Amino acid sequence: MANERFFVSVDIGSSKIVILLAEEVEGRLKVFGHGIGPSAGVKKGLIVDVKKASQAIKAVVEKAYSSCNTRFHYVSVNISDPHLSVINRDGQVLISDGIITEKDVDLALKSAKAVITSPNKQVIDTVPNRFTIDKDPVTRQGTDVDKPIGLEAKTLEANTHIVIVSKQAVSAVQKSIAQSDLGSSSPVLNSMAASEPYLSQDEKDNGVCLVDIGAGVTNISVFTNGGITYSEVFKMGGDYITEEIAYAFDIPLTEAERLKIQYGYAQTKLLKGDKLIQFQPIGQCEKRYLSYHSLIEVIEQTYLELFTLIKQALKIEKLDRSLKSGFILTGGATKIQGCDALMLSTFRIRSKLGQVDIDKIQGSEKIISDPIYACALGLLLYEPDESYLEELQSDNRSGLIGKIKGGLFKF
Ligand SMILES: Nc1ncnc2c1ncn2[C@@H]1O[C@H](COP(=O)(O)OP(=O)(O)OP(=O)(O)O)[C@@H](O)[C@H]1O
Ligand SMILES: [Mg+2]
């Protein structure tokens, strides 16, 4: 590692914990260290046992340290709370002297942010999506601008995406990080982080849905008109597929997981004929045989159950017809063959497996091409976009790394 400044991410997943270290090389991030190990104390995305989780994190910290001989303290961490709620909210201010200042922008954002949450909830992120100047109170029409500072206007409205999670979930993440002798700021919503390495601005402009199917949960985030508009966490992931296989054939979970990984395919449609597969039933020594076709049928039905949940949620939000760029899939459970094809045939919208944009972040093939690293890679890149604070006339644009938190320094 050549740089003094570097960045560290910790993905606390239901099945594994990943730590990545990256530094800036020629305007993009390069992963130079990593650790991975089994998760503990995490159920369906939520930390339920802080002690176990922090012990698991500490073990991965040591692996990350050994991989690059670099100690670290400050990290970026994820949260994936099934009790998540997201709202899109406007805040408006009058511009007293006719020219919008940074203070006006700040006030408009504060007014949008001023949501009354229940005592057990907290706002972890407020993403400004759009600013509108001089909105007519009757027609609700105004001029949308990206960078309002310095513009002449009578009113300024900020349209924001507000992410609200349970206080208990945030506190469990923060305690687990603190008890692992690490420090972090507010955790980042899993799907917002996971979208960073994969989605282009064009896709966000056209409408796109990032789907991260992990072990315990599936996180989605929808982007339309350039910004985030919706996020959801479903309590269903790859472990549920394994459980359904175990239930259907009366086999232990470990055996079901083996069959899923070894033979798994997401669609029966493309199978050519059938064959017998050997398996170990519960409580019996002798091996038995099951039909490959029936295994794939169970897998397909279970993935379809999950896709139906996603479909219903998008329909309720009236977003099902707004995804011109379709679905981008990531997370370990999308490694099953034919996952993207099943998504395509369910939604009839283009669906593809996420491919890391190597102009943003680079690393070993193993990390860049494996979707289990999506969230950890995204946490390295994630930074609240504050380009709206730049004046329109200004050419003084900061590069990618200028966007990244200044707080992540060498320990
Ligand atoms: N080849 C494969 N085929 C099918 N499923 C797979 C394959 N490889 C891994 N999986 C599944 O991926 C899941 C793990 O994915 P991932 O590492 O993204 O989860 P996680 O981040 O630990 O969990 P979560 O995000 O839900 O908290 C497991 O359920 C595992 O069975
Ligand atoms: Mg995950």
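How many Å apart do the C-alpha centres of domain 1 and domain 2 lie? They lie 37 Å apart, in a predicted model where local features need pLDDT of at least 70, side-chain atom pairs count only at pLDDT 80 or more, and totals for chains, interfaces and linings use all residues. Residues are numbered from 1 along each chain as its sequence is written, while chains are lettered from A and ligands numbered from 1 in the order in which they are written.

**Domains and their contact**
- Domain 1 covers 85-166 and domain 2 covers 198-355, with bounds that come from an automatic or database domain assignment.
- Seven residues from domain 1 and five residues from domain 2 take part in the contact, where two residues count as touching if their C-beta atoms, placed from the backbone, lie within 7 Å.
- On the side of domain 1 that touches domain 2, strand E7 (85-94), strand E8 (121-133) and strand E10 (155-166) each supply at least two residues, and E8 gives the most, with three residues.

**Fold of the chain**
- The protein chain has twelve helices and 20 strands, which are DSSP runs numbered from the N terminus (helices H or I, at least four residues; strands E, at least two).
- Among contacts between residues at least 6 apart in sequence, 69% join residues at least 24 apart.

**Extent and burial**
- The C-alpha atoms of the protein chain fill a box of roughly 85 × 50 × 45 Å, taken along the principal axes.
- Of the 411 residues, 45% count as buried, meaning that 20 or more other C-beta atoms, placed from the backbone, lie within 10 Å of the residue's own.

Definitions and conventions: A residue is buried if 20 or more other C-beta atoms lie within 10 Å of its own, exposed if 12 or fewer, and partly exposed in between; C-beta atoms are placed from the backbone.
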